[in-house]
Amino acid sequence: MTTLTAAPMGKTPLKGEIAAPGDKSISHRSLMFGALAVGPTRITGLLEGEDVRATARAVAALGAGVERTGEGAWTVQGVGVGGLAEPESALDLGNSGTGARLLMGMVAGCPITATFIGDASLSRRPMSRVIEPLSRMGAVFHGREGGRLPITLTGPADVMPIDYRSPVASAQVKSAVLLAGLNAAGRTTVREPTASRDHTENMLRSFGAAVETRTEDGMNVVTVDGQPELAPQDIAVPGDPSSAAFAAVAALILPGSEVMIRNVGLNPLRAGLFEVLTAMGGEIEVLDRREAGGEPVGDLRVRGGALKGDVAPPANAAAMIDEYPILCVAAALAEGRTEMRGIKELRVKESDRIALMVNGLRAAGVEVEEHEDGMTVTGTGGRPPAGGCEIDASHDHRIAMSFLVLGLACAKPIAVTGAETIATSYPAFTDHFALLGADIQSR
């Protein structure tokens, strides 16, 4: 188990420039959709963290040709919709909930059997939210109580197209159903309460699938026509806004800092955190807006300064669900109270992120109130919290990185155990922070 310690910066600001690592969500999908195309899909800028590498191994086990041709450069030789082969051994997705759930959708669209396994954290996470709709489409599941891994899935000979009303706005649920629906004879529809991230819809269109998105009765409705022939693509993966968030918040809470973060994906359904931070008084400037891989991209210039507590709109939750832990860190240094509600989903992520953030913030000397569906943080108004604590990341990469960022602004260091999980999404995290002048290392 790796322990990292963040040394307080004191009055020293962060300065410098980094490039955001490849977007994890888009990296997963690039490999998967490339496997469903007919011919070679070439990918640049792929995130080479452990989660995405697990997806690459699984896609190869399902019959696609997968080759790394350089740093962040991969080629996937696709087998076509419905052409996946039965794997010879279990598909080990490690810590990746996105990989597991989306691959279940792919396998559910083929008449094959596959067993899904993962690490201790993933094995605790419920898969019932994708099992339920995929079962309606004809897939058969055998797993642990509560729909937990290991799970064995057998896809049907003929996939049933469905019209599914999802109880939650979840890109993973939506994507799993749409992926299974690709091999159905007919139209598959997903209805969700609000729009979740739309990388699947954007990318399927670029591969040639007929995907329709509309608003109906206040719901986000997505429909895909089954049995297309997907054409291979050249994909440039934009930088991950969820990863860029750590350097952005670190710069905001350390007065005098000025940090440039290059190549950040700015999909409106992913950029909710930057909107909230700006509303709190954060100085975040977007430069050189452009498009990469079918997604809006820009460079962020972030300057440190005073933040004010605010209410994070529950309607924004789907657009920033992974960023609440690092938002808590910004809130800890803001003036006044920051309320985060409507985020009960965080209790079933890699960990119970609400409980872990509440307990960790209290250990660091930050006042916080826990709610069933969120938390309210009372900030210090820029004064360094006490720090001087050790945080167990509980196999959660975002918890680990958030508390290391907090440690930079505390009076005493914060140590984080279980920090090896950072490699699942941001292998260059400590290197990037070192470039900006921070001291985060094993001690």
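Guide: A definition comes first: a helix axis is a line fitted to the C-alpha atoms of the stretch in contact, and the angle between two axes runs from 0 to 180 degrees between their N-to-C directions. The model is predicted.

The largest pocket is the place to start. Its space amounts to about 690 Å³. The lining consists of 41 residues, and those closest to the pocket centre are Ala169, Ser170, Ile321, Glu345 and Lys349. Helix 1 has the largest share, with 4 residues. Sorted by class, the lining holds 15 charged, 13 polar and 13 nonpolar residues.

The crossing of helix 5 past helix 6 is right-handed.

The second largest pocket has a volume of about 330 Å³. It is lined by 15 residues, and Pro21, Leu46, Leu47, Glu48 and Glu71 are the closest to its centre. This lining has 7 nonpolar, 5 polar and 3 charged residues.

Rolling a probe the size of a water molecule over the atoms shows where empty space is left. The structure holds 2 cavities of 30 Å³ or more. The largest cavity has a volume of about 40 Å³. Its lining is made up of Leu36, Val81, Gly82, Met106, Gly109, Cys110, Leu179, Leu182 and Asn183. By class, 6 of these residues are nonpolar and 3 are polar, with no charged residue.

The second largest cavity holds about 30 Å³. Around it are Asp23, Ile26, His199, Pro238, Gly239, Pro241, Gly265, Leu266, Asn267, Arg270 and Glu295. The class count here is 4 nonpolar, 4 polar and 3 charged. Of these residues, Gly265 belongs to strand 15 (residues 258-265) and Glu295 to strand 17 (residues 295-303), and the two strands pair in the antiparallel sense over 6 bridges. Within that pairing, Val264 stands opposite Gly298 in strand 17. Strand 17 has another antiparallel partner, strand 16 (residues 283-292), to which 8 bridges join it. There Val286 has Leu300 of strand 17 as its bridge partner.

Strands of a sheet pair through backbone hydrogen bonds, either parallel or antiparallel.

An open sheet of 4 strands with mixed pairing has the order 4-5-3-14. Strand 4 (65-70) and strand 14 (234-236) are its edge strands, each pairing on one side only. On average, neighbouring strands of this sheet are turned by 20 degrees against each other, direction ignored. Inside the sheet, strand 3 (residues 38-44) and strand 5 (residues 73-79) run antiparallel and are joined by 6 bridges. Val38 stands opposite Val79 of strand 5.

Another open sheet of 4 strands, also with mixed pairing, has the order 6-7-9-8. Its edges are strand 6 (91-92) and strand 8 (140-144), which pair on one side only. Strand 8 runs antiparallel to strand 9 (residues 148-154), with 5 bridges between them. Val140 has Thr154 of strand 9 opposite.

Two backbone details complete the picture. Most residues other than glycine have a negative phi, and most peptide bonds are trans. The bond between Leu149 and Pro150 is cis, with omega at about 0 degrees, and Pro150 is found in strand 9. Asp217 is not a glycine, yet its phi is positive, at about 55 degrees. Asp217 lies in the loop between strand 12 (211-216) and strand 13 (219-225).

Definitions and conventions
Residues are numbered from 1 along each chain as its sequence is written. This is a predicted model: local features need pLDDT of at least 70, side-chain atom pairs count only at pLDDT 80 or more; totals for chains, interfaces and linings use all residues. Side-chain values use heavy atoms; hydrogens and water are left out. On a 1 Å grid over the protein atoms alone, a cavity is a set of points where a 1.4 Å probe fits but cannot get out, and a pocket is an open set with protein on both sides within 12 Å along at least five of seven lines; lining residues have an atom within 4 Å of a point. Grid points are joined across faces, edges and corners, and a volume is the space filled by probe spheres set on the points. Ala, Val, Leu, Ile, Met, Phe, Trp, Tyr, Cys and Pro count as nonpolar, Asp, Glu, Lys and Arg as charged, and the others, Gly among them, as polar. Two strands pair if DSSP finds at least two bridges between them. A crossing is left-handed if the near helix is turned anticlockwise from the far one by less than a right angle, and right-handed if clockwise.
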